[in-house]
Amino acid sequence: MLTTKFKTDQYDTLILMREKIGELADTNIYRYYFCEQWIYGYWKCRADIAACVAQAWKRNQYIAGRMLTQKVFNKIISLKFVPDNELEDTVIANQRFQAEDLTLNPKFFVQGLSEGQFGIENAVALWLEYQQLGLMDSGFGNKRSVFE
């Protein structure tokens, strides 16, 4: 999961999956899959991102969180540059965070949401709705009581 440190009303979060498809000499070759873009500070998007992270974890697919500069993020989402490439200045090596905390930790889940208390209350309500539907089951146990 790639996101920026900047609060914007534009897309600033992306889940990027990579699949090893071969090797050339001693270098791995990857195929990248761009899985939707979101606005990280928007409450509806935050719950959707958390559900994606939970469903990936449930299927033993770890989603690591990375904070990128706006410049690197914009280059990656432009689809004109290869992600995580030093020559194209798209290296994904910045600050890490635990994306699964979106499914486990209410304080982390609501951190940085826009729209104040309205955004927080609605994000948590949507998290609880998704949990009721089974979408927040990341395999770490039922966290409903923590979010209530």
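Predicted model: local features only at pLDDT ≥ 70, side-chain atom pairs only at ≥ 80, totals over all residues.
Residues are numbered from 1 along each chain as its sequence is written, and side-chain values use heavy atoms, with hydrogens and water left out.

**Stop 1: salt bridges**

Begin by displaying the charged side chains. The structure contains 6 salt bridges, a salt bridge being a side-chain nitrogen of Lys or Arg within 4 Å of a carboxyl oxygen of Asp or Glu.

Select arginine 144 and glutamate 148. Their side chains form a salt bridge with an N to O distance of 3.1 Å. Arginine 144 is partly exposed, its relative accessible area being 23%, whereas glutamate 148 is exposed at 62% relative accessibility.

Select next glutamate 19 and arginine 31, whose side chains are joined by a salt bridge at 3.8 Å, N to O. Glutamate 19 belongs to strand 2 (residues 13-24) and arginine 31 to strand 3 (residues 27-38), so this pair ties together parts that are 12 residues apart in sequence. Helices (H or I, at least four residues) and strands (E, at least two) are DSSP runs, numbered from the N terminus. Glutamate 19 is partly exposed, with 34% relative accessibility, and arginine 31 is partly exposed, with a relative accessible area of 41%.

Move to lysine 71 and aspartate 89, a salt bridge in which the closest N and O atoms are 3.4 Å apart. This pair links distant parts of the chain, 18 residues apart: lysine 71 sits in helix 2 (residues 70-77), and aspartate 89 in the loop between helix 2 and strand 5 (96-97). Lysine 71 is exposed at 55% relative accessibility, while aspartate 89 is partly exposed at 36%.

**Stop 2: isoleucine 76**

Remain in helix 2 and select isoleucine 76, which is located there. Is this residue buried or exposed? Isoleucine 76 is buried, at 0% relative accessibility. Leaving aside residues up to four places away in sequence, isoleucine 76 touches Leu2, Leu14, Phe34, Leu68, Pro83, Thr90 and Ile92; contact means heavy atoms within 4.5 Å. For a distance check, pick the C-alpha atoms of isoleucine 76 and valine 91: these residues are 15 residues apart along the chain, and the atoms are separated by 9.6 Å.

**Stop 3: helix 1 and helix 5**

Now select helix 1 (residues 43-58) and helix 5 (residues 116-132), whose axes come within 8 Å and cross at roughly 30°. The axes are lines fitted to C-alpha atoms, for helices over the stretch in contact, and angles run from 0 to 180 degrees between N-to-C directions. Helix 1 is therefore roughly parallel to helix 5, a class that covers angles under 35 degrees.

Which residues make the contact? Helix 1 contributes Trp43, Lys44, Ala47, Asp48, Ala50 and Ala51, and helix 5 contributes Phe118, Gly119, Asn122, Ala123, Leu126, Trp127 and Tyr130.

**Stop 4: glycine 116**

Finish with glycine 116 in helix 5. Glycine 116 is partly exposed, at 40% relative accessibility. Glycine 116 and glutamate 23 are 93 residues apart in sequence, and their C-alpha atoms are 48 Å apart in space.

Key. Buried < 20%, exposed > 50% of the residue type's maximum accessible area, 1.4 Å probe, protein only. Parallel < 35°, antiparallel > 145°, perpendicular 65-115°, else oblique.
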